[in-house]
Amino acid sequence: MKAARKSRKDRVIRFLWLAEVVVLFAAVMAAAWLRFHTEPEYQIRFLEQTPWRALLVALAITGAMTAFGLYQTHVRHTRTDFLLRLVLSFALGGIALVVFYYLVPPSYLGRGVLAISLAIGAGGILVVRLAWVRLFHSDVLKQRVLILGAGRNADLINSCMRRRSDRRTFTVVGFVPVPGQPVRVREDLLVPVGEEGLHELTDRLQIDELVIAPDERRGGLPMEQMLQCVQQGISVVDLSSFFEREAGMVQLNAVDPSWLVFSGGFDYSTPRRLSKRFFDLLAAGALLLVSWPSMIVVGIAVWMESGGPVFYSQTRVGERGRHFTLTKFRSMRVDAEKGGVAVWASKDDDRSTRVGRFIRKTRLDELPQLIAVLRGDMSFVGPRPERPQFVDMLNDEVRYYGVRHSVKPGLTGWAQLRYPYGASVRDAEEKLKFDLFYVKNHGLVFDLMILLQTVEVVLFGRGAR
């Protein structure tokens, strides 16, 4: 049954790949006809050589799509993430084709035909993907997940991932109680093992993945049966890794230091540092180039409403705990923090000026931070920098809070997108779940995705205070 289930998934993916190869092939043929339809004789000669060239284009683009994870069944893609990966796939595939044309001149398709082909092909892929989602949005493409455990840790899946949108890639078949441990999961969700072994149960229920989520691990895990599950081709993951993959967060209630040490991620290699620095310089420089007129207008507006100073500076905590000076447009009264006592911003903060409320909502007050990005104190994407007073307090109150300082703080970030503005210790703890996910999984594609989603936040004012 297990093999049959996997083969169905494989057939669906192969069908999707084949459909998109056909679409891209047809896009090249259509582009060739459109480009030369006014020259019938040349069109006939060109079309005779087009089919194998069209197949080359289709294989190059779908190969790039594979590299960017667009044929992985159980990877969650938001619309923005999918579009970004699709654009990058076409860009990578186009570059690969240009290089191949240079090495093998007879394969050259022509700039005009290639450009039209990619445009038609991108539209065709979008149509295919939309139809694919509608046709195959069923359990056949979802992981059938069995949870080993039915206590506090296991119930986090029900409390934190209860919406249908949270479970787009998996179906929870049930929870297996661990003998001797308390049960907090609803009775109708329990799947007792009974006389059969765990490996027999997973085979009978056609389980794809076993999530290990007991409240107490010592002496409570059937390791021999779990090994048999692995030998049957069933994926076995712990609860922390499951949350990281499916929810885009590090679940603090279920994580321990050993998982952070051995679970991978935390890429601080030289290539990654260079690519991140290049991304920072490019993104900050481009935004500064287009936003300087707005910065002049904001500065004049702040000065006209309440006089100087137009800017205000604060000490913030950066990478590895180093302090740096952060500068913003002033959005509050000059006496907003009497006596120099640090105070968290709150919703509808009465210390804000009229101009200040507008520029905070539109994030225009943060534009001067681009200088800190160019200077190297900040990154364009990363955890939000906090003031030393708050960091000292949160280090004492929130476990693992200091881990977020292993990368440079950012102008925008994963936590800013996924959680509203933080104004309490509890908010800081919730945002830390997303900050830790970013620290473990940051990369160039992830940074690009966050940058694109930030546009939505700015346009709709989501999360601003």
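## Strand and helix pairings in a predicted model

Strand 5 (residues 311–317) and strand 6 (residues 323–329) run antiparallel and are joined by seven bridges. The structure described here is a predicted model.

| Helix pair | Angle | Axis separation |
|---|---|---|
| Helix 5 (residues 152–160) and helix 8 (residues 239–247) | about 15° | 10 Å apart |
| Helix 10 (residues 270–306) and helix 11 (residues 354–361) | roughly 155° | within 9 Å |

Angles under 35 degrees count as roughly parallel, and helix 5 and helix 8 are therefore roughly parallel to each other. The crossing of helix 5 and helix 8 is left-handed. On the side of helix 5, the residues in contact are Asn153, Leu156, Ile157 and Cys160, and they meet Leu239, Phe242 and Phe243 in helix 8. By class, this contact of helix 5 with helix 8 has six nonpolar residues, one polar residue and no charged residues.

For the other pair, the axes of helix 10 and helix 11 cross at roughly 155°. Angles over 145 degrees count as roughly antiparallel, so helix 10 is roughly antiparallel to helix 11. Helix 10 contributes Val298, Ala301, Val302 and Glu305, which meet Arg354, Val355, Gly356 and Ile359 in helix 11. The contact of helix 10 with helix 11 comprises five nonpolar, one polar and two charged residues.

Terms used: Residues are numbered from 1 along each chain as its sequence is written. This is a predicted model: local features need pLDDT of at least 70, side-chain atom pairs count only at pLDDT 80 or more; totals for chains, interfaces and linings use all residues. Side-chain values use heavy atoms; hydrogens and water are left out. Axes are lines fitted to C-alpha atoms, for helices over the stretch in contact, and angles run from 0 to 180 degrees between N-to-C directions. Helices (H or I, at least four residues) and strands (E, at least two) are DSSP runs, numbered from the N terminus. Angles under 35 degrees count as roughly parallel, over 145 as roughly antiparallel, 65 to 115 as roughly perpendicular and the rest as oblique. A crossing is left-handed if the near helix is turned anticlockwise from the far one by less than a right angle, and right-handed if clockwise. Contact means heavy atoms within 4.5 Å. Ala, Val, Leu, Ile, Met, Phe, Trp, Tyr, Cys and Pro count as nonpolar, Asp, Glu, Lys and Arg as charged, and the others, Gly among them, as polar. Two strands pair if DSSP finds at least two bridges between them.
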